[in-house]
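Thanks for coming. I will go through one model this morning, part by part. Please have the picture open while I talk.

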Protein chains: 2
Amino acid sequence: MKKHNFYAGPAILPEFTVNNVIEACRDFAGTGLSIMEISHRSKEFTEVMEHAQSLFKELLKIPEGYHVLFVGGGASTQFTVVPMNLMQNKSAYLNTGAWATKAIREAKLYGDVEVVASSEDKNFSYIPKGYKIPDDADYFHITTNNTIYGTEIKEDMDAPVPLVADMSSDILSRPVDVSKYVLIYGGAQKNLAPAGVTFVIVREDVLGNVDRKIPTIFDYRTQIDKGSMFNTPPVLPVYAALQTLIWIKDNGGVEAMQKKNREKSSLLYQEIERNKLFVPTIKNEEDRSVMNVCWVMNEEYAELEKPFLEFATRRGMVGVKGHRSVGGFRASLYNALPLDSVKALIDVMQEFESMKA
Amino acid sequence: MKKHNFYAGPAILPEFTVNNVIEACRDFAGTGLSIMEISHRSKEFTEVMEHAQSLFKELLKIPEGYHVLFVGGGASTQFTVVPMNLMQNKSAYLNTGAWATKAIREAKLYGDVEVVASSEDKNFSYIPKGYKIPDDADYFHITTNNTIYGTEIKEDMDAPVPLVADMSSDILSRPVDVSKYVLIYGGAQKNLAPAGVTFVIVREDVLGNVDRKIPTIFDYRTQIDKGSMFNTPPVLPVYAALQTLIWIKDNGGVEAMQKKNREKSSLLYQEIERNKLFVPTIKNEEDRSVMNVCWVMNEEYAELEKPFLEFATRRGMVGVKGHRSVGGFRASLYNALPLDSVKALIDVMQEFESMKA
């Protein structure tokens, strides 16, 4: 039976990426060796790293003065590396969920952290608005997409201080005006690659402004100077990232991704609104994530939660259980998820409704 | 033409590992999904992580009270994470090469570092002996195998203070008396897995003895409590590590690996000593690495260095160029390298000798 992969991450990747990684595991670039067994200093892999960096810049129209890094450690490592590099006295954070909360916690080790607003009062089911960003903050940090709750900041904001964004779960899903940010980072395991590589887009001129001594490997300057090769990079995940970047380019770029993602999420939100059994968890349409669509049972059908999950699973829907802190269901609609998977899920929702309601 | 992979790392892996990773990239554990696309919280991957940890403990006979962690970031990240967790006032380091030098540099950010001895005076071509380890050090740090120079500390020493070892390039190549160490760490990309995962073996009772605040992700306690799942682990590299651990067990364990590795390195050192064209870079047999065998041209044949490298490359020998700081040649003989590859290299050395000498 065909499986439809709605996992929140690690998540579905393009078939193009999966197939090319398999081929490279057999024989990488005609070397006669596996991509898993080749030196990162080889000519063949050096080209992969440089190509991935340049294509990332091309797809997101990244301006001059920015660098793209591929490092290990995950976005959770960046929660501490960002303030280590950028925070002299004070930073400001917007708290939109569990990951933002973790980022705030780590920043507090480096100075004064002002949380300008939080949606924790309603289990992070909305994006706060009308907050004031302090002028004296070294930077303002946002989490653009909140995977667990299904909220998203879909527009690039103007901030009075340098803007930093965790884009782990919506990078490359839409065009981004990178010039509005000084730093964008994220784990790759949603829209880009298998788990194990982290991307960082950083504007060079914001570095070197803090007094503390930074461990060499966590100093962005080190990785910029070494082209992300200060230490052995995660070779296979970087190769996979390159394949996904090529696939995005071949399929119309981030503009085409955005169009397709909007179509997928609109169809699914419409069905949730229409279907008698379900209600969306995010009421404000403006705040709804294009990447992660969350919904719960309509109260009068509450006892059908488990039966629906089992029904959907039997029909090949994978990873549609909601996060434990929200409950209900979640379908993640990353770039690589085909429209047909969304249609298959909607069919399952409608079939279940016709049986039960 | 068959390639013989002598890369220093990322390096050759068992065919068993490569083939099983390819299969899991197609369909992981019967899920119908790729190992690259599956949630790390899935039952199937949770089992992989737990199996890898328990097999690591079994193969190295790791005593009670120790934990095995699989994290991202590479050994270079551990250079700063180790002192962060273990160094209250002072630490001691043995300087046996470029990687030890980097580890020393990072430790200095956290307090007083005493370098007990260094072989830098002779380009790290020997292992210092007869040094004194200060009793007041919080720990003593060694690099057991020095990939660049081809030296190795092949016996587990007794130290008067807690012993820490970077075993990036000789882990699982021999039995280790883990009880003599409080912490052993390393990148996986030599004897274990493709680049992207780092192993840490840590004795629980040495943690919690420093005053500084440790970023959550770098506190070993965090990863112990979460079973290496505090954040998304590098899923595919961990799966590959498990395959290699299974392969080691199926092939007689680390005792059998040691026997085979000694046979391979003895054959090659013998040939280097015998062959008129070559001389070994490490004069003291006791200090010679079983993992990385380094040699240079005999002075009177110095002009044949490049021709030999080209000749060997044409015969399918990959990665035998020495590190730029040593010159000459290096053959890395990790667990997965077959004896036949060593014999093929020796054939090439002898054939070249018969042509030129």
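Let me start with chain A and its two domains. Their centres, taken over C-alpha atoms, are separated by 27 Å. The domain assignment gives domain 1 of chain A as residues 15-250 and domain 2 of chain A as residues 252-356. Before I go on, keep in mind that this is a predicted model.

Where the domains of chain A meet, 25 residues of domain 1 are in contact with 23 residues of domain 2. Which elements supply the domain 1 side of that contact? At least two residues each come from β6 (145-146), β7 (151-152) and α6 (235-250) of chain A. By class, the domain 1 side that touches domain 2 in chain A has 9 nonpolar, 10 polar and 6 charged residues.

Still in chain A, there is an open sheet of 3 strands, in the order β11-β12-β14, and the pairing is antiparallel. The edges are β11 (278-280) and β14 (329-332) of chain A, each of which pairs on one side only. Ignoring direction, neighbouring strands of this sheet are turned against each other by 30 degrees on average. Strand β12 of chain A, residues 292-297, runs antiparallel to β14(A), and 4 bridges join them. If you want one pair to find on the screen, A:Asn292 stands opposite A:Ser332 in β14(A).

Now to chain B, and to another sheet. It is open too, with 7 strands in the order β2-β10-β9-β8-β5-β3-β4 of chain B, and its pairing is mixed. At the edges are β2 (66-71) and β4 (112-118) of chain B, each pairing on one side only. From one strand to the next, the twist averages 20 degrees. Inside this order, β5 (residues 140-143) and β8 (residues 163-166) of chain B pair in the parallel sense over 4 bridges. There, B:Phe140 stands opposite B:Leu163 in β8(B). A helix goes with this sheet: α4(B) lies across β3 (90-95), β4, β5 and β8 of chain B, and runs at about 165 degrees to β3(B).

Next, a pair of helices. Two packed helices are described by the angle between their axes and the distance between the axes. The axes of α7 (residues 253-274) and α9 (residues 339-356) of chain B come within 10 Å and cross at roughly 5 degrees. An angle under 35 degrees counts as roughly parallel, so α7(B) is roughly parallel to α9(B). On the α7(B) side the contact includes B:Lys260, B:Leu267 and B:Glu271, and on the α9(B) side it includes B:Leu339, B:Ile346 and B:Met349. The contact of these two helices has 7 nonpolar residues, 4 charged ones and no polar ones.

Last, how the chains go together. How many residues of chain B are in contact with chain A? There are 49, and they meet 48 residues of chain A. On the chain B side, α1 (15-26), α3 (74-86), α4 (98-107) and α6 (235-250) each supply at least two residues. The largest share, 5 residues, comes from α1(B). That side of chain B divides into 25 nonpolar, 18 polar and 6 charged residues.

What rotation superposes chain B on chain A? One of 180 degrees, with 0.0 Å of shift along its axis and an RMSD of 0.0 Å. This is therefore the relation of a two-fold axis. The C-alpha of chain B nearest the axis belongs to B:Gly73, at 2.3 Å. Both copies use the same surface, as 98% of the contact residues of chain B recur in chain A.

Conventions. Residues are numbered from 1 along each chain as its sequence is written. Chains are lettered from A and ligands numbered from 1 in the order in which they are written. This is a predicted model: local features need pLDDT of at least 70, side-chain atom pairs count only at pLDDT 80 or more; totals for chains, interfaces and linings use all residues. Two residues are in contact if their C-beta atoms, placed from the backbone, lie within 7 Å. Ala, Val, Leu, Ile, Met, Phe, Trp, Tyr, Cys and Pro count as nonpolar, Asp, Glu, Lys and Arg as charged, and the others, Gly among them, as polar. Axes are lines fitted to C-alpha atoms, for helices over the stretch in contact, and angles run from 0 to 180 degrees between N-to-C directions. Angles under 35 degrees count as roughly parallel, over 145 as roughly antiparallel, 65 to 115 as roughly perpendicular and the rest as oblique. Copies are superposed by least squares on the C-alpha atoms of residues with pLDDT of at least 70 in both. Two strands pair if DSSP finds at least two bridges between them. Domain bounds come from an automatic or database domain assignment.
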